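These are my notebook entries on a structure that I had not examined before.

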2 protein chains.
Amino acid sequence: MQKYVKELKYHKLKITPQRLDILKFLDNNRVHPSADEIYQAIKIDSPALSKTTVYNNIDVMVKNNIIKSFRFMDSNELRFDYKTTEHYHFICRECKSIYDIDISLPYFEKFKNYKHKVEEFYGDYKGVCENCLKNNSKNK
Amino acid sequence: MQKYVKELKYHKLKITPQRLDILKFLDNNRVHPSADEIYQAIKIDSPALSKTTVYNNIDVMVKNNIIKSFRFMDSNELRFDYKTTEHYHFICRECKSIYDIDISLPYFEKFKNYKHKVEEFYGDYKGVCENCLKNNSKNK
DNA sequence: TGTTAGATTGTAACTATTACATTATAGTTA
DNA sequence: TAACTATAATGTAATAGTTACAATCTAACA
Ligand SMILES: [Mn+2]
Ligand SMILES: [Mn+2]
Ligand SMILES: [Zn+2]
Ligand SMILES: [Zn+2]
């Protein structure tokens, strides 16, 4: 818990139980949950929690680079990640699980002398995950 | 116009004025418009158009691979593209223009023997476009 | 030309998110 | 420790984009 307090203090953000709950939940549940999933999970032990608080804190933490937000190509809801270092995502079209892809790709090298100045890259992959491949022969 | 009729016929879709309008608009305006932008533009000459029709037809055309849909990481609205061949997008953080990036990248080769079966890739780039670089020295 | 499956329309509902006003509290100060 | 104040939490209402639905219409075909 001290880890989260330290992180918030570093960014000059007030330490509130709600913020600690959100950080703890994201850290312990690396499934890239949506705002509502975070809200529903925390509400079990802290029924007074407001969804607005979840949104507010998610915003401020994303702005401070404590957590990361992203969105899948075919989904309309934002998802959140405790991990802020460069990585990509793989979503399984069968079970909808989201996996981290830590392979680094040479995205920017290609654009050294490109007409536009490329600063950021966002990418994600889709397919069938190893579990679904194992359980369902039709995906082979 | 015959081009669009042919395309719709090939997919066994009825030829309606609304469908032809949407296809023609997307073909002649390669700016990756949103559903509402398509609607607003066509409504000028065809005021009876319903937004539901735009959504319905966009859906059916995406499903038939006549047009492509995508979404930018920080936007909540879908955008549409007449071009369905593999390509990526670059969005300018200054003027918000969206450019096609036709450079092919070796995304899938990396995953030949990967634990998950990778089938699709989606990616987009962000930065400052050549026009904004020219017009604004602070971006250099 | 009549028939009908599928398309169009307008309205209402829905989902994710944001705005806003009120109340509460974390962190600071006396 | 008590008081103060800037910031945070809460609940409600508003918004944006999209989808559901029922009534009406029309493209395609016999
Ligand atoms: Mn991740
Ligand atoms: Mn494009
Ligand atoms: Zn799976
Ligand atoms: Zn620009």
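I began with B:D100, which counts as partly exposed because its relative accessibility is 26% (buried is under 20% relative accessible area, exposed over 50%, partly exposed in between, with a 1.4 Å probe and protein chains only). B:H32 counts as buried, at 2%.

I noted that this is a predicted model, in which local features need pLDDT of at least 70, side-chain atom pairs count only at pLDDT 80 or more, and totals for chains, interfaces and linings use all residues. Residues are numbered from 1 along each chain as its sequence is written, chains are lettered from A and ligands numbered from 1 in the order written, and side-chain values use heavy atoms, without hydrogens and water.

I then looked up the manganese ion (ligand 2): its protein donors are B:H32 (NE2), B:D81 (OD), B:H87 (NE2), B:H89 (NE2) and B:D100 (OD), 2.0 to 2.3 Å from it. Donors are N, O and S atoms within 2.8 Å of the metal (3.2 Å for Na, K and Ca); water is not among the atoms, so sites may look incomplete. B:H32 lies in the loop between α2 (17-28) and α3 (35-43) of chain B and B:D100 in strand β4 (residues 98-101) of chain B, so the pair ties together parts 68 residues apart in sequence. Strands are DSSP runs (E, at least two residues), as are helices (H or I, at least four), numbered from the N terminus.
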